[in-house]
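Visitor: Please show me the model, and then let us go through it by question and answer.

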Amino acid sequence: MRLLLVEDDVMIGESVLDALRGEGYAVDWVRDGAVADSALRTEQYDLVLLDLGLPKMDGIAVLKALRTRRETTPVLIATARDAVSARIAGLDAGADDYVLKPYDLDELSARIRALLRRAAGRAEPVFSYGRISLNPATHEALLDGEPVALSQREWAVLEALIARPGMILSRAQLEEKLYSWKDEISSNAVEVYVHSLRKKLGPDLIRNIRGMGYMIAKEPAPASPSRDGGGDGSHTPEADSVDDGGDGGDGGDGGGDGGGV
């Protein structure tokens with residue numbers, strides 16, 4: 001998931017940036033309203049954490065401009081504890097929720113997860129898909145009730161796809177959810193993560209739609225008796241290994257996980 005952090009206080013911004021990246025989010029941080037407005041006009045974000053007291057363009061103006069464009073990106077506004085009128089103004093301008101400053105980082109993370117769930121149209125806190133379950137609060141992945149170790153970026157790819165079963169996501173769309181502005185993107189990194197997820201969770205889970213991207217089927221396949229996805233040995237051609245050409249991307253060294261996003 002890719003977030004935009006809009007915060008002009010350097011100490012607060014660095015603290016929140018580290019915390020959110022530690023949660024596995026790709027985060028772009030900007031320090032004034034004008035840059036935030038420009039970023040929201042040109043980039044796609046899953047959520048915006050927006051301070052209201054900003055230089056150059058205040059947070060309410062940024063929010064109103066976003067909603068005037070009929071964009072539905074979830075916005076979490078940050079206000080001081082005693083700024084009740086600012087919270088009301090922000091909610092009336094189109095914010096989805098608010099969080100009080102100074103931040104309690106655990107509460108901040110919980111509110112972000114809740115807004116992302118709401119934006120995805122689901123109420124349950126855990127993703128369940130066939131034999132797989134994902135808990136965003138703990139970053140625990142289970143296959144048939146057994147934990148599966150995933151890197152942060154493997155998790156990010158899987159979460160993006162499993163939250164949208166039946167929807168094709170291109171390599172570029174997945175890269176947007178994996179990387180912030182400052183991250184270096186390897187040319188075939190997405191293919192590497194997809195290949196690794198297939199090895200860990202079964203070859204039929206993620207389908208390659210040639211020339212378009214990747215998807216998880218709208219309905220999970222019937223459970224197979226083996227953990228490695230062997231089952232009866234049948235699977236769709238789209239779910240073959242990453243060496244079949246991916247979504248049209250070129251080669252490259254993949255680059256591995258590269259640590260936190």
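Visitor: Is D37 buried or exposed?
Guide: Buried means under 20% relative accessible area, exposed over 50% and partly exposed in between, with a 1.4 Å probe and protein chains only. The relative accessible area of D37 is 10%, so D37 counts as buried.

Visitor: What kind of model is this, and how are residues numbered?
Guide: This is a predicted model, in which local features need pLDDT of at least 70 and side-chain atom pairs count only at pLDDT 80 or more, while totals for chains, interfaces and linings use all residues. Side-chain values use heavy atoms, with hydrogens and water left out, and residues are numbered from 1 along each chain as its sequence is written.

Visitor: Which residues is D37 in contact with, leaving aside its neighbours within four places in sequence?
Guide: D37 lies in helix 2, residues 33-42; helices (H or I, at least four residues) and strands (E, at least two) are DSSP runs, numbered from the N terminus. Contact means heavy atoms within 4.5 Å. With those neighbours left aside, the contacts of D37 are M57, V62, A65 and R69.

Visitor: In what order do the five strands of the open sheet come?
Guide: Two strands pair if DSSP finds at least two bridges between them. The pairing in this sheet is parallel, and the order is 2-1-3-4-5. Strand 2 (26-30) and strand 5 each pair on one side only, and these are the edge strands.

Visitor: Which residue of strand 5 stands opposite A80?
Guide: Strand 4 and strand 5 run parallel and are joined by five bridges. Opposite A80 stands K101.

Visitor: What span does helix 5 reach from its first C-alpha to its last?
Guide: The expected span of a helix is 1.5 Å times one less than its number of residues. Helix 5 (residues 105-119) has 15 residues, for which 21 Å is expected. Its span is close to that, at 21 Å.

Visitor: Why do the buried residues of helix 5 line one face?
Guide: The buried residues are L108, S109, I112, R113, L115 and L116. The arc is taken from the directions from the helix axis to the C-beta atoms. Seen down the axis of helix 5, the buried residues line one face because they fall within an arc of 165°.

Visitor: Which exposed residues does the face of helix 5 turned away from its buried side carry?
Guide: On the buried side, the cover includes strand 1 (2-6), helix 1 (10-22) and strand 3 (47-51). The face turned away carries the exposed D106 and R118.
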